[in-house]
Amino acid sequence: MASTNDLKNGMVLKLEGGQLWSVVEFQHVKPGKGPAFVRTKLKSVMSGKVVDKTFNAGTKVETATIDRRDMQFSYMDGEYFVFMDMEDFDQLMVDKKAVGDAANFLIEGFTASVARHEGEVLYVELPAAVELTIEHTDPGVQGDRSTGGTKPATLETGHEIQVPLFINTGEKIKVDTRTSDYLGRVNS
């Protein structure tokens with residue numbers, strides 16, 4: 001248990017029937033009249049939904065302990081992603097649902113942050129940008145500007161993104177894992 005006076009960004013709270021909410025931002029407000037209160041912006045750990053919630057100052061809130069560990073993606077086993085803990089080399093099988101959109105960018109050997117609460121995997125978080133190789137893309141036709149200078153390209157993970165016309169099959173590029181945007185070439 002913690003008090004609303006102790007809130008920090010990134011802290012995870014257990015509210016309303018055991019749901020986990022991460023504190024995105026908070027503000028202590030002391031109006032001229034009336035009691036002080038804490039205005040927060042909370043993000044659901046499971047769904048990603050963001051809500052505003054106000055607490056009276058000093059209210060007790062239950063905190064949740066989230067164990068975040070850097071783990072290396074090893075391989076796919078049917079519907080599960082197998083990650084290896086780099087400290088004790090234990091293997092962890094993670095459901096596709098918990099991996100979410102990170103699955104579009106995972107290849108063997110990538111390190112991801114795996115967040116768990118009471119043994120259950122909540123989510124898998126990748127770095128903001130990763131380097132991947134273009135598996136296939138059609139050659140860019142000079143003068144074709146009808147698509148705004150981009151064309152579809154399939155990454156080595158099988159995920160399709162839009163890249164500039166000058167990018168070719170086999171090139172290594174940097175991709176934003178949050179938006180699937182092309183960020184640039186990687187010079188070997």
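## Confidence of the model

pLDDT is the predictor's confidence in each residue, on a scale from 0 to 100. The structure discussed here is a predicted model, and its chain averages a pLDDT of 85, with 95% of the residues scoring at least 70. Among the elements of the chain, helix α1, which covers residues 96-99, has the lowest confidence, at a mean of 81, whereas strand β15, covering residues 172-176, has the highest, at 92.

## The largest pocket

The largest pocket holds about 900 Å³ of space, and 30 residues make up its lining. Those that lie nearest the centre of this pocket are K43, V45, Y123, V124 and E125. Two or more lining residues are given by each of the elements β3 (19-29), β4 (37-44), α1 and β11 (120-125), and the largest share, six residues, comes from β11.

Helix α1, which contributes to this lining, is also the element where confidence is lowest. In terms of residue class, the lining of the largest pocket comprises 14 nonpolar residues, together with eight polar and eight charged ones.

## Surroundings of S44

S44 is located in strand β4, an element that gives two or more residues to the lining of the largest pocket. With a relative accessible area of 7%, S44 counts as buried, because this value falls under the 20% cut-off. Leaving aside residues up to four places away in sequence, S44 is in contact with L20, W21 and K49.

Key:
Residues numbered from 1 in each chain as written. Predicted model: local features only at pLDDT ≥ 70, side-chain atom pairs only at ≥ 80, totals over all residues. Heavy atoms only, no water. Helix = DSSP H or I, 4+ residues; strand = E, 2+ residues; numbered from the N terminus. 1 Å grid on protein atoms, 1.4 Å probe; cavity = no way out; pocket = protein on both sides within 12 Å on 5 of 7 lines; lining within 4 Å. Points joined across faces, edges and corners; volume = space filled by probe spheres on them. Nonpolar A, V, L, I, M, F, W, Y, C, P; charged D, E, K, R; others polar. Buried < 20%, exposed > 50% of the residue type's maximum accessible area, 1.4 Å probe, protein only. Contact = heavy atoms within 4.5 Å.
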